[in-house]
Amino acid sequence: MEICTYKHTARIEVRYAETDQMGIVHHSVYAVWFEQARTEYFRTAGASYADMEAEGFGAPVLELNVKFKQPTRYGDFVDVETSMIREGLKVRFEYKVFVNGNLCTLGSTLHCMTKGGRPTRELPSGFAKFEFVQA
């Protein structure tokens, strides 16, 4: 297992449409937020999804995990801290969702790196910008 030293925090404003009748963010929204945070993670490091796809790479989601600790609500600004871990052919993104510095949610997504539709250990050229250390 190799841990990427780069981390990024995406700031997202909770929209009314993302809440349920109780005014709490619906559980399905976290997958969307994780995708937004992951996209920003790559873009801010100079390794966009568009560049990755232009090289023939894909990163299909194999697994999604979410653990709720405290609710998030309409009007909150959530900070989604994203980090990346390489696990052989797979890449795991870990997410921590904070509101005003309070940890509200933990999550992760597991992805298989593919090139031309086949699993690969090869990484897109943009990943050269990331430094990985052994765990």
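**Aromatic rings**

I started with the rings: Y6, Y41, F42, Y49, F93, F127 and F130 form one aromatic cluster. My pairing rule was ring centres within 6.5 Å for Phe, Tyr and Trp (its six-membered ring), with planes under 30 degrees apart called stacked, over 60 edge-to-face and the rest tilted.

A note on the source before I go on: this is a predicted model, so I took local features only at pLDDT of at least 70 and side-chain atom pairs only at pLDDT 80 or more, while totals for chains, interfaces and linings use all residues. Residues are numbered from 1 along each chain as its sequence is written, and side-chain values use heavy atoms, with hydrogens and water left out.

How many aromatic pairs does the structure hold? I found 15. One of them is F34 with Y95: the ring centres are 4.2 Å apart and the planes lie at 5 degrees, so I logged the pair as stacked. F34 sits in helix 1 (residues 29-44) and Y95 in strand 6, so this contact ties together parts that are 61 residues apart in sequence. For the elements I used DSSP runs numbered from the N terminus, helices being H or I of at least four residues and strands being E of at least two.

Buried or exposed, I asked of F34? F34 is buried at 0% relative accessibility, and Y95 is buried at 1%. My scale calls a residue buried under 20% relative accessible area, exposed over 50% and partly exposed in between, with a 1.4 Å probe and protein chains only.

I also looked up F42 and Y49, which pair edge-to-face at 5.2 Å centre to centre, with 80 degrees between the planes. Both F42 and Y49 are buried.

**Salt bridges**

Next came charges, since side chains of opposite charge can pair when their charged atoms come close. I required a side-chain nitrogen of Lys or Arg within 4 Å of a carboxyl oxygen of Asp or Glu. By this rule I count five salt bridges.

R11 and D79 make one of them, at 2.9 Å from N to O. This pair links distant parts of the chain, with R11 in strand 2 (residues 8-13) and D79 in strand 5 (residues 77-87), 68 residues apart. D79 is buried, at 17%.

K115 bridges to E122, with the closest N and O atoms 3.2 Å apart. Here K115 is partly exposed at 34%, and E122 is partly exposed at 40%.

E87 and R92 form another bridge, at 3.1 Å between the closest N and O atoms. E87 is partly exposed at 27%, whereas R92 is buried at 15%. Shared partners join E63, E87 and R92 into one salt-bridge network.

**Cysteines**

How many disulfides did my search of the whole structure find? It found zero, with the cut-off being two cysteine sulfur atoms within 2.5 Å. For C112, the closest cysteine sulfur is in C4, 18 Å away, which is too far for a bond. C112 is buried at 12%, and C104 is buried at 2%.

Most residues other than glycine have a negative phi. I therefore flagged N100, which is not a glycine but has a positive phi of about 50 degrees, and is exposed at 71%. N100 lies in the loop between strand 6 (90-99) and strand 7 (102-112).
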